[in-house]
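Thanks for coming. I will go through the cavity, then the helix packing, then the pocket.

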Amino acid sequence: MAPPDEPDTDEPIEVASPVCYAHEFEQMAPPLAAAELIAFLNVLLESERAGARVLARWCHEDTADAAIDGQTLAAVRDDEARYCAGLTAHIKRLGASPSPSTGRFYDKAMTLSAWPDRLRFLDKGQSWVARELRDKLPRIADRDLSAFLQEMLERHEHNLRLCAAPG
Ligand SMILES: [Fe+2]
């Protein structure tokens, strides 16, 4: 018999890794339950509201040293506002109440004055939204909502490239 730290050649070798099982599990993940879906949409709504409010402030400030212009920031603000409206409409259509709150992203963003810090923070927030959308989209069965969130994901990926912090 082989010592415990050496492979026993008579034993079959296990080739499947836990990662393979995790992938299969993800593919089989069930659709989000109604309450879970509404909670997710409300977190997105609060985040987009925070983003729209932050960009509404920043797009009017001097961006000379920002490596980005106010017009670009205003366009991203408009996207965020559009997603607030869309998420609100979907939440109501699903028979629930849209959250009136603003995500904590806003208060934190308001403490930042240097543009590199602001853009890095914006990147962090938008990346979080994109990650959440990528993660949850396969579990959303409602076709209209899925199409809306898919467009929202693609737009966030586009805006992430536009607003990338230098360095
Ligand atoms: Fe956003």
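I start with the cavity lining: α5 supplies its largest share in the largest cavity, 3 residues. This is a predicted model, in which local features need pLDDT of at least 70 and side-chain atom pairs count only at pLDDT 80 or more, while totals for chains, interfaces and linings use all residues. Residues are numbered from 1 along each chain as its sequence is written, and side-chain values use heavy atoms, with hydrogens and water left out.

By a cavity I mean a set of points on a 1 Å grid over the protein atoms alone where a 1.4 Å probe fits but cannot get out; a pocket is an open set with protein on both sides within 12 Å along at least five of seven lines, and lining residues have an atom within 4 Å of a point. Grid points are joined across faces, edges and corners, and a volume is the space filled by probe spheres set on the points.

The angle between α5 and α6 is about 150°, and their axes are 9 Å apart. That makes α5 roughly antiparallel to α6. Axes are lines fitted to C-alpha atoms, for helices over the stretch in contact, with angles from 0 to 180 degrees between N-to-C directions. Angles under 35 degrees count as roughly parallel, over 145 as roughly antiparallel, 65 to 115 as roughly perpendicular and the rest as oblique. On the α5 side, D123, Q126, S127, V129, A130, L133 and R134 meet L149, M152, L153, H156, E157 and L160 of α6; contact means heavy atoms within 4.5 Å. These residues divide into 7 nonpolar, 3 polar and 3 charged.

Next, α2, residues 34-58, which packs against α5 at about 155° with the axes 12 Å apart. The pair α2 and α5 is therefore roughly antiparallel too. From α2 the contact uses F40, V43, L44, S47, E48, L55 and W58, and from α5 residues including W115, R118, L122, Q126 and W128. By class there are 10 nonpolar, 2 polar and 4 charged residues in it.

The axes of α2 and α6 come within 14 Å and cross at roughly 35°. In that pair, L37, F40, L41, L44 and E48 of α2 meet L145, L149, M152 and H156 of α6.

Last, the largest pocket, with a volume of about 360 Å³. Which of its 17 lining residues are closest to its centre? They are S47, R104, F105, G125 and W128. Here α5 gives the most to the lining, 7 residues, and α2 supplies at least two. The classes are 7 nonpolar, 5 polar and 5 charged.

Notes: Helices (H or I, at least four residues) and strands (E, at least two) are DSSP runs, numbered from the N terminus. Ala, Val, Leu, Ile, Met, Phe, Trp, Tyr, Cys and Pro count as nonpolar, Asp, Glu, Lys and Arg as charged, and the others, Gly among them, as polar.
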